[in-house]
Amino acid sequence: MAKAIKIEASLACANFKNIEADIRQLSAAGIDYLHIDIMDGKFVPNFALDFTFMQTVKQLTNIPLDCHLMVEEPERYIDRTAASGATYIAIHFEATRHVQKALQQIRDTGAKSGIALNPATPIINLDYILDDIDMITIMTVNPGFAEQKLIPAMLRKIRDVSALLDARGHDNVDIQVDGNVSFQHIPAMVAAGATMLVGGTSSIFHKDYSIGEAIASVREIVKG
């Protein structure tokens, strides 16, 4: 039986002047998760959201939070991320020397664990941590900035990860795609095996659509 596709809104692309209004619209449209990027200016050349922001969002809504730690030595922040309300916490394979230990730390908090792979990171790195993860994040752009173009080879990477999970009996693990998850690219991403779609300026927060219209369009595309 095919998995239901989960639709997420990347809050780094929301209107910070009126974030509460955006969250209300996301809630009314039935978004599945709010995706929160935390960046440290070292692992990626940018700074983004923080724990105070997460806590504020939790005060505004019951929509579950999916937190993406784009930071070096993420184990320093896992407990605080969970305490700030994260349901999912994803770390980058490249960001820590002790990946399995960090993933176990996430699960010890009660959150679901995710591993994120940069575009050039081979999927062989998943081989010995499949028992430790609930989600694999395929970065379809290099992390750190919105409005980048999709790297075409990442569609093949999604297919390869999906095949690996099936072959190893881990089809319960979700495949999240993050980066230029656009109306145009969603069909190919879903066909390749993606089960969690992180939408930003190319879909959920598209300038030509209201949030409700954009989410409805994504759902129609997924159905099609």
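Strand 2 (residues 33-39) is mostly covered, with seven of its seven residues buried. Buried here means under 20% relative accessible area and exposed means over 50%, with partly exposed in between (1.4 Å probe, protein chains only). Strands (E, at least two residues) and helices (H or I, at least four) are DSSP runs numbered from the N terminus.

The model is predicted: local features need pLDDT of at least 70, side-chain atom pairs count only at pLDDT 80 or more, and totals for chains, interfaces and linings use all residues. Residues are numbered from 1 along each chain as its sequence is written, and side-chain values use heavy atoms, with hydrogens and water left out.

In a regular strand the side chains alternate between the two faces of the sheet. On strand 2, Tyr33, His35, Asp37 and Met39 lie on one side and Leu34, Ile36 and Ile38 on the other, all of them buried. Strand 7 (residues 174-178) is also mostly covered, with five of its five residues buried. Asp174, Gln176 and Asp178 point one way from strand 7, while Ile175 and Val177 point the other way.

The table lists strand pairings; two strands pair if DSSP finds at least two bridges between them.

| Strands | Sense | Bridges |
|---|---|---|
| Strand 1 (residues 6-10) and strand 2 | parallel | three |
| Strand 2 and strand 3 | parallel | six |
| Strand 6 (residues 135-139) and strand 7 | parallel | five |
| Strand 7 and strand 8 (residues 196-199) | parallel | three |

Within these pairings, Ala9 stands opposite Leu34 in strand 2. The chain crosses from strand 1 through helix 1 to strand 2 in a right-handed β-α-β crossover. Right-handed means that, with the strands pointing away from the viewer, the path from the first strand over the helix to the second runs clockwise. His35 has Asp66 in strand 3 as its bridge partner, and the β-α-β crossover from strand 2 through helix 2 to strand 3 is right-handed. In strand 7, Gln176 is the bridge partner of Thr137 and also stands opposite Met196 in strand 8.

Helix 2 (residues 51-60) has Phe51, Phe53, Met54 and Val57 buried. Seen down the helix axis, the buried residues fall within an arc of 155°, so they line one face of helix 2; the arc is that of the directions from the helix axis to the C-beta atoms. Thr52 and Gln59 are exposed on the face turned away from that buried side. The buried residues of helix 2 pack (heavy atoms within 4.5 Å) against elements including helix 1 (19-28), strand 2 and strand 3 (65-70). At the N-terminal end, Asp50 caps helix 2, with a side-chain oxygen 3.3 Å from the backbone nitrogen of Thr52.

Terms used
Polar contact = N/O pair within 3.5 Å; in protein donor to acceptor, adjacent residues only side chain to side chain.
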